[in-house]
Structure formats: C-alpha cells, structure tokens
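Please look at the sequence and the 3D structure shown here before reading on. The report that comes after them is meant to be read with both in view.

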Amino acid sequence: MDAEADWYLIGGDEAALPAVGTLLEALPPSCFAHVFVEVSDATEELKLESSARFHVTWLHHGGAAGRIGRRLEQAVREFLFPKGNGRVWIGCEAGVMRDIRRHLLNERGWTGLTPTPKATGSTAP
C-alpha cells in the first residue's frame, strides 16, 4: 500500500472479493477508498472493514452470461477521480481488465506522472 496516497479506487468481481477485503484492511486511516464490487446478487455482499474511511458500491450482474464484469467496468468509467494523490487497484476477469486498463491509460490519459493511479488485474477462473 502507498502511504502517500490520499485516496484509492478499489474494484473487483466476486473472485477478487477476498483481495478487496485484504486491501481495505491494509489501508492507513488517513486514506479514503472508493470501492466497487460486482457480485451476482445481494446474497454475495460481505461486510468489509478497514481503519480507513471507505464507501462500497455493490454492483449486481445477476449472472448475465457475457456481461459479468461490465458493471464494474462502467463504474470505473463513470467514477470522478478526486483531487489529490490517488491509486487504483482492480481485480477481475482478464478481458474486462484489458478494457478497464485501456480506458484508464488511453481515455483518461495517464502519462506516468505523479499522481498516477495504478491498475492491476487478476484473472478469475
């Protein structure tokens, strides 16, 4: 975790939910996290805890074949980045991650200059 970050955007699908919880627990109290988690329905929502301030938005895909992860992608696209030094962590299916990463780098125009949120993806089974 970057102790210099003012805020985090954390996103994931159901496969990344344990990692999302671990990341939240590791955040310093001085940080604020904006969290988006895409799960099938409300029965998959978990109680998340952190010493940092955070807000979770649960996104429900309802098991829609071929659309899983796309609500997460849309949430990232619509997210208004706060001022300050931010970081991004995303964990989802590889195809969705490629699209999110492309958006962050190309459409948001990140150049590698500070502050630069970092996108990291994982592959869900």
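Predicted model: local features only at pLDDT ≥ 70, side-chain atom pairs only at ≥ 80, totals over all residues.

Residues are numbered from 1 along each chain as its sequence is written, and side-chain values use heavy atoms, with hydrogens and water left out.

**Overall make-up**

The protein has three helices and four strands, where helices (H or I, at least four residues) and strands (E, at least two) are DSSP runs numbered from the N terminus. Along the sequence these elements follow the pattern β-α-β-β-α-β-α. Of the 125 residues in the protein, 44% are buried; here buried means under 20% relative accessible area, exposed means over 50%, and partly exposed lies in between (1.4 Å probe, protein chains only). The protein exposes about 6,700 Å², and carbon and sulfur atoms supply 53% of that area, as computed by the Shrake-Rupley method with a 1.4 Å probe, where for residues only the protein chains shown count as cover. Among contacts (heavy atoms within 4.5 Å) between residues at least 6 apart in sequence, 63% join residues at least 24 apart.

**The sheet**

In what order do the strands of the open sheet stand? The order is E3-E2-E1-E4, and the pairing is parallel, with two strands taken as paired if DSSP finds at least two bridges between them. Strand E3 (53-60) and strand E4 (86-91) are at the edges with a single partner strand each, so one side of each has no neighbour in the sheet. From one strand to the next, the twist averages 10°; axes are lines fitted to C-alpha atoms, for helices over the stretch in contact, and angles run from 0 to 180 degrees between N-to-C directions.

Strand E1 (residues 7-13) pairs with strand E2 (residues 32-39) in the parallel sense over seven bridges. Trp-7 has Phe-32 in E2 as its bridge partner, and Tyr-8 stands opposite Ala-33 in E2. E1 is mostly covered, since seven of its seven residues are buried. In a regular strand the side chains alternate between the two faces of the sheet. In E1, Trp-7, Leu-9, Gly-11 and Asp-13 point one way, whereas Tyr-8, Ile-10 and Gly-12 point the other way. Seven of the eight residues of E2 are buried, so this strand is largely enclosed by the rest of the structure.

In H1, the residues Leu-17, Val-20, Gly-21, Leu-23 and Leu-24 are buried. Seen down the axis of H1, these buried residues fall within an arc of 160°, so they line one face of the helix; the arc is that of the directions from the helix axis to the C-beta atoms. The face turned away from the buried side of H1 carries the exposed residues Pro-18, Thr-22 and Glu-25.

In helix H2 (residues 70-78), the buried residues are Leu-72, Glu-73, Ala-75 and Val-76. They too fall within an arc of 160° seen down the axis of H2, so they line one face of this helix. An α-helix has 3.6 residues a turn, so residues three or four places apart point the same way. The buried residues of H2 pack against E1, E2, E3, E4 and H3.

**Single residues**

| Residue | Relative accessible area |
|---|---|
| Cys-31 | 0% |
| Cys-92 | 1% |
| Met-97 | 7% |
| Glu-73 | 10% |

Leaving aside its neighbours within four places in sequence, Glu-73 is in contact with Val-96, Asp-99 and Ile-100. Met-97 lies in helix H3 (residues 94-107). From C-alpha to C-alpha, Met-97 is 9.8 Å from Arg-70 in space, although the two are 27 residues apart in sequence. How many disulfides does a search of the whole structure find? The search finds zero, a disulfide being a pair of cysteine sulfur atoms within 2.5 Å.
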